[in-house]
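I opened my notebook to jot down what I looked up in this structure. Here are the entries, in the order I made them.

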Amino acid sequence: MEEKDLDFDNRIPLEDLKNAVDRIKNELRKVIVGQDQFVELLIVALLADGHALIEGVPGIAKTITAKLFAKVLKTNFSRIQFTPDLMPSDVLGTSILNMKESEFEFKPGPIFSNIVLIDEINRAPAKTQAALFETMEERQATIDGKTYKFEAPFMVLATQNPIDQEGTYALPEAQLDRFIFKIKVDYPSLENEIKIIESHHKRQGKLPQTLIEPILDAKSLEDYKAKTQAIVVEEKIIKYIAEIVSKTRNHPHLYLGGSPRASIAILNTAKAFAAINGRDFVIPEDVKKGLNPVLNHRIILTPEREMEGMTTEQVVEMIVQSVEVPR
């Protein structure tokens, strides 16, 4: 290893970014108990300029965590409840005839915001889900032949319930690929459940939103995103990411592997993990942290392995063990 690799003086000033992330985590801990990894993944997705799909059974604070996460940012927030009768115009907006001016006037829908929470995204039909493709990928919406750009930042947080599949429409692979992360949220431990009940009791009816103070404004966030993109990534780390994703495409347990978009998502999240830890260079551990949330909705098990109860996380672990870690 060259001597310059041992120099840990940051070339990119990251102290403010790290402090802001710590303050966000502490602010959310006032209400959210035992979901530190969930919160960290939301912060990483935000810095990596991605969207997050949040999966878990009802009642485990998916929606409230997303709402409070939006509250710590001094930005606009909107929430859309997806239902089977929801139309694309209910999301994007519609043109209405202005009687005074005798011309059509565009009324933007709830997607025109900064942080957009979509509850139960798999409840809406494919036509409405398809309305999100352009907004998520290109940060714009085209209505009646006119394109409307979104203000930065723009992030979609979508929730879905993995158990109750009655009346739902599975998200197509192309749409799943637009989410940088699929975050699986599980039941709390007994110890955390006791803390959750105690916390609710002590609030005595106060709304959780009233306890959270905004931490980060849009201008600072854009500055932190730029610093995150500038994080140093050595060629051996890039090769490490490519080898892992490449192995998902010819693994005997997988029917579908990760795309180059998955490789880029792992790179961007690795940079964000490095940044929130106050480092201006990526290490293999940063790559490993993002593998499961980036890949678990992009790779598909073969039917045989799925019937055996194998999980995508187990296959990712097998692949990681088979790829040499760069030194």
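This is a predicted model: local features need pLDDT of at least 70, side-chain atom pairs count only at pLDDT 80 or more; totals for chains, interfaces and linings use all residues.

**Cavity, pocket and backbone notes**

I then listed the residues that line the largest cavity: Leu17, Ala20, Val21, Ile24, Ile43, Leu46, Leu47, Leu216, Leu221 and Tyr224. By class, that lining has ten nonpolar residues, with no polar and no charged ones.

Next came the open space. The largest pocket has a volume of about 600 Å³. It is lined by 23 residues, and those closest to its centre are Glu55, Lys182, Asn296, His297 and Glu306. I sorted the pocket lining by class and got nine nonpolar, eight polar and six charged residues. At least two lining residues come from each of α7 (173–176), β10 (181–184), β13 (300–301) and α14 (312–322).

I turned to helix α12 and asked myself: how far apart are its end C-alpha atoms? They are 16 Å apart, which agrees with the 16 Å that twelve residues (284–295) should span at 1.5 Å a residue. Within α12, I marked Pro284, Asp286, Val287, Gly290, Leu291, Pro293, Val294 and Leu295 as buried. The cover over these buried residues of α12 includes α2, β10, α10 (235–248), α11 (260–276) and α14.

Then I went through the backbone. As a reminder to myself, most residues other than glycine have a negative phi, and most peptide bonds are trans. I logged these exceptions:

- The peptide bond from Ala152 to Pro153 is cis, with omega near -5°; Pro153 sits in the loop between β8 (146–149) and β9 (155–160).
- Arg139 has a positive phi of about 55° without being a glycine, and I found Arg139 in the loop between α6 (132–138) and β7 (140–143).
- Gln204, also not a glycine, has a positive phi of about 50°; its loop runs between α8 (190–203) and β11 (216–217).

Is Gln204 buried or exposed? Its relative accessibility is 70%, so I put Gln204 down as exposed, the cut-off being over 50%.

Last, I checked confidence. The protein chain has a mean pLDDT of 90, and 96% of its residues reach 70 or more. I flagged residues 1–7, where pLDDT stays under 50 and the model has three contacts beyond four places in sequence.

Technical notes. Residues are numbered from 1 along each chain as its sequence is written. Side-chain values use heavy atoms; hydrogens and water are left out. On a 1 Å grid over the protein atoms alone, a cavity is a set of points where a 1.4 Å probe fits but cannot get out, and a pocket is an open set with protein on both sides within 12 Å along at least five of seven lines; lining residues have an atom within 4 Å of a point. Grid points are joined across faces, edges and corners, and a volume is the space filled by probe spheres set on the points. Helices (H or I, at least four residues) and strands (E, at least two) are DSSP runs, numbered from the N terminus. Ala, Val, Leu, Ile, Met, Phe, Trp, Tyr, Cys and Pro count as nonpolar, Asp, Glu, Lys and Arg as charged, and the others, Gly among them, as polar. The expected span of a helix is 1.5 Å times one less than its number of residues. Buried means under 20% relative accessible area, exposed over 50%, partly exposed in between (1.4 Å probe, protein chains only). Contact means heavy atoms within 4.5 Å. pLDDT is the predictor's confidence in each residue, from 0 to 100.
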